[in-house]
Amino acid sequence: MESAASEILIDGAPFFRLYKDGRIKRLSGTENVPPGLDPKTNVESKDVLYSQEIAQSVRIYVPGTVVTSAQKLPLLVYFHGGGFCIESAFSPTYHNYLNALVAEAKIVAVSVNYRRSPEHPLPAAYDDSWTALKWVASHYIGTGPEQWLNHYVDFANVYLSGDSAGANVSHHLAVKITNEKLDGMNLVGIILTHPFFWGKEPVGDEVKKPAIRAKMDGIWRLAYPTTSGSDDPWINPIDDQSFGRFLGCKRVLVCVAEKDVMRHRGWYYCEKLKNSEWGGEVEMMEAQGEDHVFHLNKPNCPNAVAMLKKVAEFINQGKA
């Protein structure tokens with residue numbers, strides 16, 4: 001007979017296993033790579049602590065051309081995915097993606113690491129991400145603690161982005177920035193890739209199989225044990241009566257994948273946003289034949305290359 005310590009409570013393979021004694025075994029997203037000069041893209045990166053209190057850092061990326069140019073560059077603040085439970089800003093998956101995006105778009109990027117569930121259940125990731133964004137904004141005068149942000153960033157051209165759980169974070173911070181202004185930072189837009197939104201009732205042709213819906217509900221409850229459920233505004237902001245009204249930017253790009261179980265939520269987000277009081281510009285991009293975060297798993301496939309170019313184009317079209 002298995003002891004409680006070895007009994008599996010949630011089998012999230014191939015990503016994680018949660019045991020009845022509260023331990024989590026992460027099966028992917030555990031590898032870290034150091035920052036530095038990437039020879040393929042000529043992008044340079046470094047890690048900087050943004051909060052001593054929670055011992056969390058960001059990884060900052062600058063293109064190789066930045067040191068020879070007096071022109072300041074748009075800023076992308078990026079939040080990694082992983083269901084709030086796995087991955088980090090320092091994994092090879094995100095390091096490689098941001099090297100490629102920074103080189104393509106000629107931007108500065110700040111990739112935020114945050115505390116993860118279940119050791120640090122939500123709202124810890126939201127709180128950490130907001131702390132990081134405030135730290136980034138503190139550089140707008142040019143006298144902040146990090147010289148790359150002081151010298152190279154155009155704070156009139158700021159974007160938030162993330163994939164999956166990170167896209168969820170990006171949306172909520174774009175709302176929060178409306179109510180709690182960050183001096184000197186102009187949020188132009190957000191880019192939501194395969195966003196982790198859900199709800200109790202299916203939308204459109206969304207999967208109706210009880211087992212799949214129960215698994216999605218379980219992943220959310222693992223991340224946020226005190227949640228009110230799958231219609232909690234943190235996971236289902238789209239059905240909130242105030243949806244769109246307080247979104248603190250005027251441009252949104254949502255990227256979805258045809259085979260992704262969350263595809264319909266991405267389309268639903270766009271439709272509801274267009275019909276809300278928001279009044280901004282929303283764009284959609286759907287990758288045919290692809291699944292969740294395919295662009296991270298197959299970065300050189302044609303659809304991933306096309307999406308990278310679309311994101312770069314979206315950011316550069318919004319230059320003030």
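**Salt bridges and a helix pair**

Trainee: Is Arg265 buried or exposed?
Mentor: Relative accessible area under 20% means buried, over 50% exposed, and in between partly exposed (1.4 Å probe, protein chains only). Arg265 has a relative accessibility of 0%, so this residue counts as buried.

Trainee: What kind of model is this?
Mentor: Residues are numbered from 1 along each chain as its sequence is written, and side-chain values use heavy atoms, with hydrogens and water left out. Local features need pLDDT of at least 70, side-chain atom pairs count only at pLDDT 80 or more, and totals for chains, interfaces and linings use all residues; the model is predicted.

Trainee: Which residue forms a salt bridge with Arg265?
Mentor: A salt bridge puts a side-chain nitrogen of Lys or Arg within 4 Å of a carboxyl oxygen of Asp or Glu. Here the closest N and O atoms are 2.8 Å apart. Arg265 pairs with Glu206.

Trainee: How far apart in sequence are Lys309 and Glu104?
Mentor: Their closest N and O atoms are 3.5 Å apart, in a salt bridge. Helices are DSSP runs (H or I, at least four residues), numbered from the N terminus. Lys309 lies in helix H8 and Glu104 in helix H1, so the bridge ties together parts separated in sequence by 205 residues.

Notes:
Helices (H or I, at least four residues) and strands (E, at least two) are DSSP runs, numbered from the N terminus.
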